[in-house]
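Me: I'd like to learn how to read a helix pair and a few loop residues. Can you take me through a case?

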Amino acid sequence: MERKITFDIPYIKLRFYAELLNNARMPETKTAALRGGMGEMLLRQNCVADRKCETCSFCKACVVSHTFYSTMEKKPSYVTKPESIGYLIECTDIRTRFKKGGRFEFTLTLFGESIVFFNIYLQAFCQLGMYGLGKAKARFRISEVRNTQGKTIVRNNEVDMSRYCIDTVSGYIKKRKEKLLRGSGDWKITFITPLSMKYQQEYMEQFYGEALVKGGARRIQMLDYYIGKDADVPEFSVYPEIRTQSVSREIVRRYSGTQDSHMTLRGISGTVIFDTMPEECLDYLIAGELTHMGRNTSFGFGQYVLRKNI
């Protein structure tokens with residue numbers, strides 16, 4: 001019996017505005033640094049077992065487990081390692097030199113149960129700002145947090161939860177589809193950050209329509225499991241046909257404080273123009289704008305924009 005996928009997944013997307021407290025150098029790829037720094041602050045503030053998760057007696061109640069690692073009671077068979085499925089951080093600002101008072105922005109998207117832990121995430125980012133980001137320990141403060149309507153939720157340490165507006169992935173798809181279908185021309189996907197994903201058991205060095213659609217569907221499947229709903233990836237009868245594509249290989253190097261080692265993450269970025277866009281595939285590609293796809297999404301990978309190529 002097929003367990004149907006649902007897009008009725010709650011989420012909230014928040015934009016953080018950060019102000020530098022001193023002249024500083026910052027990493028070019030800030031998403032991985034923000035994610036790693038957030039995790040370190042969560043552990044410092046909440047871990048009661050000296051970071052020995054394997055022998056900890058409080059795993060079910062652990063704040064870090066519910067926020068940083070996004071524990072799932074059930075998961076798809078292809079998920080063999082801990083997945084940070086409950087949140088996404090996006091920061092495409094590649095500037096490295098900042099003066100005191102300079103600003104940068106990043107977004108935090110929370111899905112499912114992660115939504116209720118907003119103040120835990122906020123506290124972690126505020127603490128990270130005091131500690132400093134990256135090797136140069138660039139110190140900053142969170143000056144403001146806004147929702148997707150531009151309304152302020154946090155300003156000067158005051159939190160207004162009445163503006164904490166929760167939406168659903170299905171609601172996002174509906175709004176984006178209405179806008180996209182008003183446009184003309186061919187469908188186009190542009191990957192803003194690298195995509196790391198396998199196709200036919202090999203890491204992709206070019207884009208494939210089938211792989212992109214299934215990548216979007218698997219991401220929704222994982223989020224369905226995260227909110228407690230078993231779901232199967234549907235069988236698609238047809239996939240988008242690619243007319244042209246441009247591809248660049250990307251390498252992102254980061255330092256893992258947890259593993260005390262340097263890591264090299266690889267993927268591809270670029271643009272795909274389609275000849276066709278089957279209706280049964282469109283919702284999954286629209287959803288992927290919000291959820292990303294492929295591996296290493298918690299480090300910012302798999303972010304793209306779908307539009308009409310006028």
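Reply: Let's start with contact, which means heavy atoms within 4.5 Å. Helices (H or I, at least four residues) and strands (E, at least two) are DSSP runs, numbered from the N terminus. This is a predicted model, where local features need pLDDT of at least 70, side-chain atom pairs count only at pLDDT 80 or more, and totals for chains, interfaces and linings use all residues. Residues are numbered from 1 along each chain as its sequence is written, and side-chain values use heavy atoms, with hydrogens and water left out.

Me: Which residues of α4 and α6 meet?

Reply: On the α4 side you'll find V169, Y172, I173, R176, K177, L180 and L181, and they meet L282, D283, I286, A287, E289 and L290 in α6. By class, this contact has nine nonpolar, no polar and four charged residues. Here Ala, Val, Leu, Ile, Met, Phe, Trp, Tyr, Cys and Pro count as nonpolar, Asp, Glu, Lys and Arg as charged, and the others, Gly among them, as polar.

Me: How do I describe the packing of two helices?

Reply: You give the angle between their axes and the distance between the axes. In this model, α4 (residues 169–181) and α6 (residues 279–291) have axes that come within 9 Å and cross at roughly 110 degrees. That makes α4 roughly perpendicular to α6, a label for angles of 65 to 115 degrees (under 35 is roughly parallel, over 145 roughly antiparallel, the rest oblique). The axes are lines fitted to C-alpha atoms over the stretch in contact, with angles from 0 to 180 degrees between N-to-C directions.

Me: What about the loops: where is K137, and is K137 buried or partly exposed?

Reply: K137 sits in the loop between α3 (118–131) and β6 (140–146). At 34% relative accessibility, K137 counts as partly exposed; buried means under 20% relative accessible area, exposed over 50%, and partly exposed in between (1.4 Å probe, protein chains only). K137 also has a positive phi of about 55 degrees although it is not a glycine. N296 is another non-glycine with a positive phi, about 60 degrees, and its place is the loop between α6 and β15 (304–309).

Me: And what does R163 touch?

Reply: Leaving out residues up to four places away in sequence, R163 touches N147, K151, T152 and I153. R163 lies in the loop between β8 (158–159) and β9 (167–168) and is partly exposed, at 35%.
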